[in-house]
Amino acid sequence: MVDFSRLAYVDIETTGTKPTRDQITEIAIVQTLNGKIIDKWQSLVCPNTFIPTMIQQLTGITPDMVIDAPTIDKIIPVIIEKLADHVLVAHNARFDVSFLRNAFKQNNIEFKYPVVCTVKLSREMYPTFKRHNLDSIIKRFGLTCESRHRAMDDAAILPEIVARMKSDFNQQKVLQAMASQQKLSSVPPHINPDIFSTMPNEPGVYLFYGETGNLLYVGKSVQIRARVISHFSSDHSHDREMRMAQQVHDIEWIITAGEFSALVLESELVKSRAPLFNRQLRKQKSLFTIYWDNSLDKTVAQPSVIDINTLNTQSKKSSLKNTYGLFKNRRTATETLRKLKDENQLCGIQLGLEKGKGPCFSYQLKKCKGICCGKETTIAYQIRMQQALAPIKIKGWPYKGAIGIKEYNEQSDISCIHIISHWLYLGKVNNESELVDFNFDVTAKLDQDFYKICISQLQKSHRFINLANLNQ
């Protein structure tokens, strides 16, 4: 059971907001026993890196001030002594703890202390107030903090805030609120932990929103609640996760019929709404491929980079059999050809990367076997070309026509049939009776992300419906 009679109020200043890249420049710890201050300690920290001008202006800490200060590894023993047998209390504790945890980790020391966040405490004690940042709370309580963004002043104001809470309510209620945080210590400071009691552990997507309602992130999982909680349990070691956790103010979710449905919906939402923190699944204006007619004959066909959606990819005689790789732009496709050339001693002229007749430049460097000057046979070169391109070959559609992937979520009684043909997503229906009136999306284009989803998901034990005779 956690003893809240001994509290260590902590504040740090840093060179930036990323705990795995930026460094601590100042730390202060104020110890209390049963609400009374018994010790104050503060130290500047040499970060061994430049302090950005903006940070200098914010904190007032300049490079000259820290040049002779101890480095973090020198003061960690003092920090350990100050935190021993105490509960660490900080405002937006996730930030401070992330930096301290990483500093300890770099010195092969485990950081494991009970933590109380005064942002969460304020949210629980004063749910009618919208803002719970330190400036807002100081103003709300009529307190004074002379040097904001200096570690000692920011740390020393926290016992006053907690004392005010105990005065407004009672000590027992504040201690109960502190104790409840130990059960959900990983919940972001701006999120009401009660949200997890209603969050389902079923397949679906979840959406993180910022303070102004802006969409920050879209994710998917077969167990929504478990996946959302995991986002916030490791943010100290991932800069992006920590920045996202600091900004999340609301979470929504959409339950789906299964994993495939969640993957498709996630891709659709990311493409249509462009969340700030999603790097993958972004909408693509075009999609290119390397097209090469690999029939073995007396002449060598030159590969070309084309927009894959100019091909009739939905045809039963799909020309995808001659396509290799999916690329966001022509440049990436061309760079892939250059890499294959160098790795497999292929000919720059035959690949369309060089102009002219006679020996190519690579042959002169002894990096081409000579198809360009009669030193290698056509058949031998084509076989080597096939072998070089094989790892990126687009897989052929393994069915006679369209198929339906059927999913059913028994817990929420949600069913769905996704209709696919030649890697194209044509739409969905709720049940088989709706297939009779289903209208295919004739504008569907091949999507790189959906292609990858299909490749991975078709290997799993999904229920398939043969729709080869469905009107397309």
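Which residue is the bridge partner of Ile-290 in strand 11? In this predicted model, for which local features need pLDDT of at least 70, side-chain atom pairs count only at pLDDT 80 or more, and totals for chains, interfaces and linings use all residues, the bridge partner of Ile-290 in strand 11 is Tyr-324. Residues are numbered from 1 along each chain as its sequence is written, and side-chain values use heavy atoms, with hydrogens and water left out.

Strand 9 (residues 288-291) and strand 11 run antiparallel and are joined by three bridges, where strands (E, at least two residues) and helices (H or I, at least four) are DSSP runs numbered from the N terminus, and two strands pair if DSSP finds at least two bridges between them. The open sheet to which these strands belong has three strands in the order 10-9-11, with antiparallel pairing. Strand 10 (304-307) and strand 11 (323-327) stand at its edges with a single partner strand each, so one side of each is left without a neighbour in the sheet. From one strand to the next the twist averages 30°. Helix 13 (residues 330-344) lies across strand 9, strand 10 and strand 11 and runs at about 155° to strand 10; contact here means heavy atoms within 4.5 Å, and angles run from 0 to 180 degrees between N-to-C directions of axes fitted as lines to C-alpha atoms, for helices over the stretch in contact.

Volumes are the space filled by probe spheres set on the points, which are joined across faces, edges and corners.

The largest pocket has a volume of about 850 Å³, and among its 30 lining residues Leu-58, Asn-92, Phe-95, Arg-148 and His-149 lie nearest its centre. Elements that each supply at least two residues of this lining include strand 1 (6-14), helix 1 (53-59) and helix 7 (151-168). The lining of the largest pocket divides into nine nonpolar, 13 polar and eight charged residues, with Ala, Val, Leu, Ile, Met, Phe, Trp, Tyr, Cys and Pro counted as nonpolar, Asp, Glu, Lys and Arg as charged, and the others, Gly among them, as polar.

For the second largest pocket the volume is about 570 Å³, and of the 22 residues that line this pocket, Lys-271, Ala-444, Lys-445, Leu-446 and Asp-447 are the closest to its centre. Helix 12 (259-273) and helix 16 (448-457) are the elements that give two or more residues to this lining, and helix 12 gives the most, with five residues.

The structure holds one cavity of 30 Å³ or more, and about 70 Å³ of space lies in the largest cavity. Its lining includes Ile-24, Ile-72 and Phe-99, and helix 4 (residues 93-106) provides the largest share, four residues.

Lys-366, with a phi of about 65°, is placed in the loop between helix 14 (361-364) and helix 15 (378-389) and counts as exposed at 72% relative accessibility. Trp-423, with a phi of about 70°, is placed in the loop between strand 13 (414-421) and strand 14 (424-429) and is buried, with a relative accessible area of 2%. Buried means under 20% relative accessible area, exposed over 50%, and partly exposed in between, with a 1.4 Å probe and protein chains only.

How values were computed
1 Å grid on protein atoms, 1.4 Å probe; cavity = no way out; pocket = protein on both sides within 12 Å on 5 of 7 lines; lining within 4 Å.
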